[in-house]
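Here are a few notes to read alongside the model. Keep the 3D view open and find each spot as you go.

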Protein chains: 2
Amino acid sequence: MMKEYTIGIDIGGTNTAFGFVTKTGEVFLDGSITTRGYKNAEHFVEILSNTLKENIKIYSNDHKLKGIGIGAPNGNYYSGCVEFAPNLEWEGIVNLVDLMKKHIDLPVFLTNDANAGAIGEMLFGGAKGMNDFIYITLGTGVGSGIVSNGKLVYGHDGFAGEIGHTFAVTDGRDCGCGRKGCLETYTSATGIVRTALEFLEKDKRQSELRMYDPAEITSKLIYDAAVKGDKTALEIFDYTAMILGRSLADAVAYTSPEAIFLFGGLAKAKEFMLHPVKQYMEKYILNIYKNKVKILPSELKEGQAAVIGAAAFIWNEI
Amino acid sequence: MMKEYTIGIDIGGTNTAFGFVTKTGEVFLDGSITTRGYKNAEHFVEILSNTLKENIKIYSNDHKLKGIGIGAPNGNYYSGCVEFAPNLEWEGIVNLVDLMKKHIDLPVFLTNDANAGAIGEMLFGGAKGMNDFIYITLGTGVGSGIVSNGKLVYGHDGFAGEIGHTFAVTDGRDCGCGRKGCLETYTSATGIVRTALEFLEKDKRQSELRMYDPAEITSKLIYDAAVKGDKTALEIFDYTAMILGRSLADAVAYTSPEAIFLFGGLAKAKEFMLHPVKQYMEKYILNIYKNKVKILPSELKEGQAAVIGAAAFIWNEI
């Protein structure tokens, strides 16, 4: 009997990863190509398709490809287009779905990486059986996917779920998006570094982190210092957890999820993030929601999450 | 042929209104009883049911009742219970749906008034044909109902959509809910009065509003002063619109609606609220959403909206 599978593609600023994924979420082949240096998007999709086709051929005896799911920054579900993605070389609006279908005549769907991750969590991760949850990625930026009534919330224009760009602090930090006080400027990997630099500037107390040139400080260094009990590092995490917990209290007032899943580097710092975020969320949450909403680590594997998410996303469509 | 209808019930702190409503939203009978002064909730539901039954009888020759929809503060869709509603006399948790079904053996569903209003807008108002929109009531408090993928967002616990209790200002005004800076403390009828008192205290400029004892100032008086061009009143509205517009920019980042409907006294002040709210929302909104989201006045009639919403809600269920 033919074994059915889908291909999940994760388009990043530097590399594009892909995985061949079964209906139970098993990745039986993976690979990647560079995202940069092509003549244009058409050329990129041609090279990507050729690479996929070679691998599809290898398995064609006993495996049947059902469709392709693509996760990409600013990927629009309705239009199939990547629109003005700041980290990609292509200019303007690129219809990735149409380009891909020229090479591989199967269902192809596109969404952004956080939305794909949310569906990955729903099909293959900790959100199995949940109808209402939120998935948040704490990476270089802060992304999110919202599932409500068992369905991903795309919204009218296909771009719903940008919790990273809601106001966490009134008139707060300048954000790359042009606004002030976005959650992303506090609770991303770069946000926590900004907090570190502010805290190191503000008080003059001894800290591990003073050993480094400020330009060298990373979220990893802050985490390592916190593990060793460095007071400044602990306060940096506490502040970050407070900001995130307070924003999640707002998120709950919108869609009242059963759980909020945190994914990415910062989410792994359980004792410094996951637990305090829950405590701060409970502190700031409206009474009717108290002690109802779980804060959980994503169950998707860090290296595979985006690809599995994109594969889950196409499984969910077909 | 029998004409089908539903009954919509709006339970308020003082009065409980009901309407007999056709599938096209026509109210062919309405009435009300007091909500207060009964022995207990059982007694209230008994009296309400008897009143309804007398009227049902009158129409029973050529009208067929299909179900009853109830909108009540803190009404929970899943449990059928009103839970700890601050403005009602009943203590704790009251299962209104079960109580009502003892008297009238038909489908009975409960939700809160803002959710019922949202469904009213979808079936009988300006949101016909929309799959993604938000309905916001600007009354004594600020309520909201969110529709996503064509369905009302109840959330895991049935209490989703409390945009009035998201943070509009970091560490802002004390809210009755125990938190600080809730949208409701700025953009409700009582919120705009708080703004007026603050503004009158802060500057000492001449204003119409100084003719009144501060305890007498209402949103209506502020509106009347603004119509006459009173600078302070205009600034009060401008500030209120800024706060609401900024919070709606956040709301869009959650569910990316096609439109946001504003209902209630403040929403009627088009030139001072509706238009500036839209401008402020565009100012604060994330780039990808710019010029995509409409701000519209609710098309439900002020006096009938809650009853029509509850009737629409039960039409939507059956």
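1. Start with a crossing of two helices in chain A: H1(A) passes H2(A) in a right-handed crossing. Bear in mind that this model is predicted. H1 covers residues 41–59 of chain A and H2 covers residues 96–103. They pack at an angle of about 45°, and their axes are 9 Å apart. That angle makes H1(A) oblique to H2(A).

2. Now look at who touches whom. From H2(A), the residues A:Leu96, A:Leu99, A:Met100 and A:His103 take part. Facing them from H1(A) are several residues, including A:Val45, A:Leu48 and A:Leu52. The residues of this contact divide into seven nonpolar, two polar and three charged.

3. Next, find A:Asn112, in the loop between strand E7 (108–111) and helix H3 (113–124) of chain A. Is A:Asn112 buried or exposed? Its relative accessibility is 6%, so A:Asn112 counts as buried. Its side chain reaches the backbone nitrogen of A:Ala114 at 3.0 Å. Leaving aside neighbours within four places in sequence, A:Asn112 is in contact with A:Gly71, A:Ala72, A:Asn74, A:Gly75 and A:Glu162.

4. Move to chain B for a backbone detail. B:Asn74 is not a glycine, yet it has a positive phi of about 55°. You will find B:Asn74 in the loop between strand E4 (63–71) and strand E5 (81–83) of chain B. With a relative accessible area of 21%, B:Asn74 is partly exposed.

5. B:Ser256 also deserves a look: its phi is near 45°, a positive value in a residue other than glycine. B:Ser256 sits in the loop between helix H7 (231–255) and strand E11 (259–263) of chain B. B:Ser256 is buried, at a relative accessible area of 2%.

Conventions. Residues are numbered from 1 along each chain as its sequence is written. Chains are lettered from A and ligands numbered from 1 in the order in which they are written. This is a predicted model: local features need pLDDT of at least 70, side-chain atom pairs count only at pLDDT 80 or more; totals for chains, interfaces and linings use all residues. Side-chain values use heavy atoms; hydrogens and water are left out. Axes are lines fitted to C-alpha atoms, for helices over the stretch in contact, and angles run from 0 to 180 degrees between N-to-C directions. Helices (H or I, at least four residues) and strands (E, at least two) are DSSP runs, numbered from the N terminus. Angles under 35 degrees count as roughly parallel, over 145 as roughly antiparallel, 65 to 115 as roughly perpendicular and the rest as oblique. A crossing is left-handed if the near helix is turned anticlockwise from the far one by less than a right angle, and right-handed if clockwise. Contact means heavy atoms within 4.5 Å. Ala, Val, Leu, Ile, Met, Phe, Trp, Tyr, Cys and Pro count as nonpolar, Asp, Glu, Lys and Arg as charged, and the others, Gly among them, as polar. Buried means under 20% relative accessible area, exposed over 50%, partly exposed in between (1.4 Å probe, protein chains only). A polar contact is a pair of N or O atoms within 3.5 Å; within protein, one must be able to donate a hydrogen and the other to accept it, and residues adjacent in sequence count only if both atoms are side-chain atoms.
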